[in-house]
Amino acid sequence: MLGRVDRPRSQKRRFAYTGLIRCGSCDRAITAEQKINRHGRRYVYYHCVKRAGDRCPEPAIEERDLERQMLSFLRSLPLPDAAFQDAQALLDQEGRSAGEVEEARLKSVTASIRSVEGELRELLDLRIRSFIDDEEYVRRRLKLDLEKARLSESLVARVETVSVIEPARTAYSFVFQVATLFEQGDFAVRRTVIETVGSNPLLTGKKLSIQAAKPFTWVAEITKFRQRCGVVDGDRTPAAPGDSGGDSALEAPAANDAGQPPPSPSRPAAEEWSALAKDLLREFRTEDCQVRTAKAAELLREPERAA
Ligand SMILES: [Zn+2]
């Protein structure tokens, strides 16, 4: 999974989290070592690499303690499913309106190309009937050809709306299963889990500080935004992740004139919301988010493969 093969060349034990965490005091790497007590029991300790000479004052931490903290971080990630459904409806809505704008643009570009093609036919007709000479024909033809090429280039769609929904769902499903994956996985899986979902892990005074990486925080970001705008989720009760009702969550609730409006931010926040949604849509397309989402999808498939 990490692209590394277990080679017998080294007798040295490999530790799950070496090189993954930095020291909160001196920003150096955290390394590991194994100790065996007089009863033959094996302990793995993690500590700052700066141990010789002017050594770093940070204490070492036992692996079990470190993993306990990792697990409590992972368990803190899921949000109520209702938050996910509302967040997804909003993101979907935004993606759709961006898609509509793009569709209108593409239609207008296509019409312009047709019109240039018409002009090219007329020009040829003028030449055939000797209303213009070769020189003028070539000059005007070149101009129209360039115009057509420019238009054709802009015919490529700029918004990939649909592609965002699936990664967004993957990122969200992942946070529900990540603690279990961590608990049940071997050390390569546990490392990949932390690498995938965590950002900037630091160790200070035996306390691990770690944030959730971007693609896994999008529901939280939307929830925070809505709370800031005073949009409360009413009497919606948090449901279990399995109760999402299949693909219905993908449908933005329809706003009809008489009925319930879709969950949307209040009007003064509309612009701010739009900016946040655009940021999120953009984030999902960054390389870092794509790599993390792909790793998450791979980890989600892992238990199926083992079964
Ligand atoms: Zn240090």
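Trainee: Which residue stands opposite Glu62 in S4?

Mentor: This is a predicted model, in which local features need pLDDT of at least 70, side-chain atom pairs count only at pLDDT 80 or more, and totals for chains, interfaces and linings use all residues. Residues are numbered from 1 along each chain as its sequence is written. Strands (E, at least two residues) and helices (H or I, at least four) are DSSP runs numbered from the N terminus. The residue opposite Glu62 in S4 is Tyr45.

Trainee: How many bridges join strand S3 to S4?

Mentor: Strands of a sheet pair through backbone hydrogen bonds, either parallel or antiparallel. Two strands pair if DSSP finds at least two bridges between them. S3 (residues 42–48) and S4 run antiparallel, and the number of bridges joining them is 2.

Trainee: Which are the edge strands of the open sheet?

Mentor: The open sheet is formed by 3 strands with antiparallel pairing, in the order S2-S3-S4. An edge strand here pairs on one side only. The edge strands are S2 (30–36) and S4 (61–62).

Trainee: Are H2 and H3 roughly parallel or roughly antiparallel to each other?

Mentor: Axes are lines fitted to C-alpha atoms, for helices over the stretch in contact, and angles run from 0 to 180 degrees between N-to-C directions. H2 and H3 (residues 134–153) pack at about 165°, with their axes 10 Å apart. Angles under 35 degrees count as roughly parallel, over 145 as roughly antiparallel, 65 to 115 as roughly perpendicular and the rest as oblique. H2 and H3 are therefore roughly antiparallel.

Trainee: How many residues of the contact of H2 with H3 are charged?

Mentor: Two residues are in contact if their C-beta atoms, placed from the backbone, lie within 7 Å. Among the H2 residues that meet H3 are Glu119 and Arg127, and the H3 side includes Arg140 and Lys148. Asp, Glu, Lys and Arg count as charged, Ala, Val, Leu, Ile, Met, Phe, Trp, Tyr, Cys and Pro as nonpolar, and the others, Gly among them, as polar. The contact has 8 nonpolar residues and 2 polar ones, and the charged residues number 6.

Trainee: How is H2 placed relative to H7: what is the word for their arrangement?

Mentor: H2 (residues 81–128) and H7 (residues 270–283) pack at an angle of about 85°, with their axes 10 Å apart. That makes the arrangement of H2 to H7 roughly perpendicular.

Trainee: How many helices and strands does the protein chain have?

Mentor: The elements run β-β-β-β-α-α-α-α-α-β-β-α-α-α from the N terminus on. The chain therefore reads, by the DSSP runs defined above, as 8 helices and 6 strands.
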